[in-house]
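Please open the model in your viewer and keep the selection panel within reach. We will go from one stop to the next, picking residues as we go.

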Amino acid sequence: MLIGGYNLYELFLQFLFWGVAGWLVEVIDMKIEAGEFQNRGFLHVPLCPLYGIGMPALCILLGDAKKSYLAIFIGGVVFCTAVEYIIGWLLEKLFNARWWDYSHVRFNFQGRVCLRNALLFGFGAVLSLGFVQPVVEGTIHQIPAQIGMAVVAVTALVLVIDTAASIFKALRYRREEGDAVVIFKSHR
């Protein structure tokens, strides 16, 4: 089964790459901004599903338009900002918690998104889809099928377990905190 020209195996390996890359970007950003290490994201493992799903999804949505840096930039700004807002809203409604808060940043909307990050998403999309994605795709094609499938099987199992543990942890925080909105990790 192909989705936007990719099979599920390729999409899962892209998910892993971009999820880890996104986690690294978030950790570095927080080290610079807050001056401390913060394990970013919803999961315990070093992977941000938002990036893991977002980058391949943007690549698929752009289709042939990904040949244009302007289209990639605009797509990155609009798509990534919309996804960040929706996921932020959803996490807050489900768990009564925020994993990020941009209230202190100028030109923010409800603390869930901000202009600065929207523009960074655009530039990040150009860098990622314009230059890194072709290397990722080429590398995935170089991985022997048995090794790739073993990686997929093991990491899928780990992610299912981690996702369940992370959901239980977030629900426990919600019960303990009641109506108070908990901010798990934030900028200073």
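This is a predicted model: local features need pLDDT of at least 70, side-chain atom pairs count only at pLDDT 80 or more; totals for chains, interfaces and linings use all residues.

Beyond its neighbours within four places in sequence, Gln 133 is in contact with Tyr 6, Gln 14, Trp 18, Cys 59 and Ser 128. Gln 133 itself belongs to helix 4. Is Gln 133 buried or exposed? With a relative accessible area of 2%, Gln 133 is buried, because the cut-off for buried is under 20%.

Next, show the largest nonpolar core, which has 29 residues. To find your way into this core, select Leu 16, Leu 58, Leu 129 and Leu 159, the residues with the most contacts inside it. Which elements give two or more residues to this core? They are helix 1 (8–34), helix 2, helix 3, helix 4 (115–142) and helix 5 (145–177). Helix 1 gives the most, with eight residues. Apart from this core lies another, of nine residues; Ala 97, Trp 99, Val 105 and Ala 170 are among them.

Stay with Leu 159 for a moment and display what surrounds it. Leaving aside neighbours within four places in sequence, Leu 159 is in contact with Phe 12, Phe 15, Leu 16, Leu 43, Val 45 and Leu 47.

Now colour helix 1 and helix 5 and turn the view until you can follow both axes. These axes come within 10 Å and cross at roughly 60 degrees. Helix 1 and helix 5 are therefore oblique to each other, and helix 1 passes helix 5 in a left-handed crossing. To see the contact, select Tyr 9, Phe 12, Leu 13, Phe 15 and Leu 16 on the helix 1 side.

Move on to helix 2 (residues 49–62) and helix 3 (residues 69–95). Helix 2 and helix 3 pack at an angle of about 140 degrees, their axes 10 Å apart. This pair is therefore oblique as well, and the crossing of helix 2 and helix 3 is right-handed. From helix 2, pick Leu 50, Gly 54, Ala 57, Leu 58, Leu 61 and Leu 62. They meet Ala 71, Ile 72, Gly 75, Gly 76, Phe 79, Cys 80, Val 83 and Ile 87 in helix 3. The residues of this contact of helix 2 with helix 3 comprise 11 nonpolar, three polar and no charged.

For the last stops, look at the backbone. Most residues other than glycine have a negative phi. Select Asn 96, in the loop between helix 3 and strand 3 (97–98). Although Asn 96 is not a glycine, it has a positive phi of about 55 degrees. Asn 96 is buried, with a relative accessible area of 15%.

Finally, go to Phe 107, found in the loop between strand 3 and strand 4 (108–109). Phe 107 is not a glycine, yet it has a positive phi of about 60 degrees.

Key:
Residues are numbered from 1 along each chain as its sequence is written. Side-chain values use heavy atoms; hydrogens and water are left out. Axes are lines fitted to C-alpha atoms, for helices over the stretch in contact, and angles run from 0 to 180 degrees between N-to-C directions. Helices (H or I, at least four residues) and strands (E, at least two) are DSSP runs, numbered from the N terminus. Angles under 35 degrees count as roughly parallel, over 145 as roughly antiparallel, 65 to 115 as roughly perpendicular and the rest as oblique. A crossing is left-handed if the near helix is turned anticlockwise from the far one by less than a right angle, and right-handed if clockwise. Contact means heavy atoms within 4.5 Å. Ala, Val, Leu, Ile, Met, Phe, Trp, Tyr, Cys and Pro count as nonpolar, Asp, Glu, Lys and Arg as charged, and the others, Gly among them, as polar. Buried means under 20% relative accessible area, exposed over 50%, partly exposed in between (1.4 Å probe, protein chains only). A nonpolar core is a set of buried Ala, Val, Leu, Ile, Met, Phe, Trp, Tyr and Cys residues joined through side-chain atoms within 4.5 Å.
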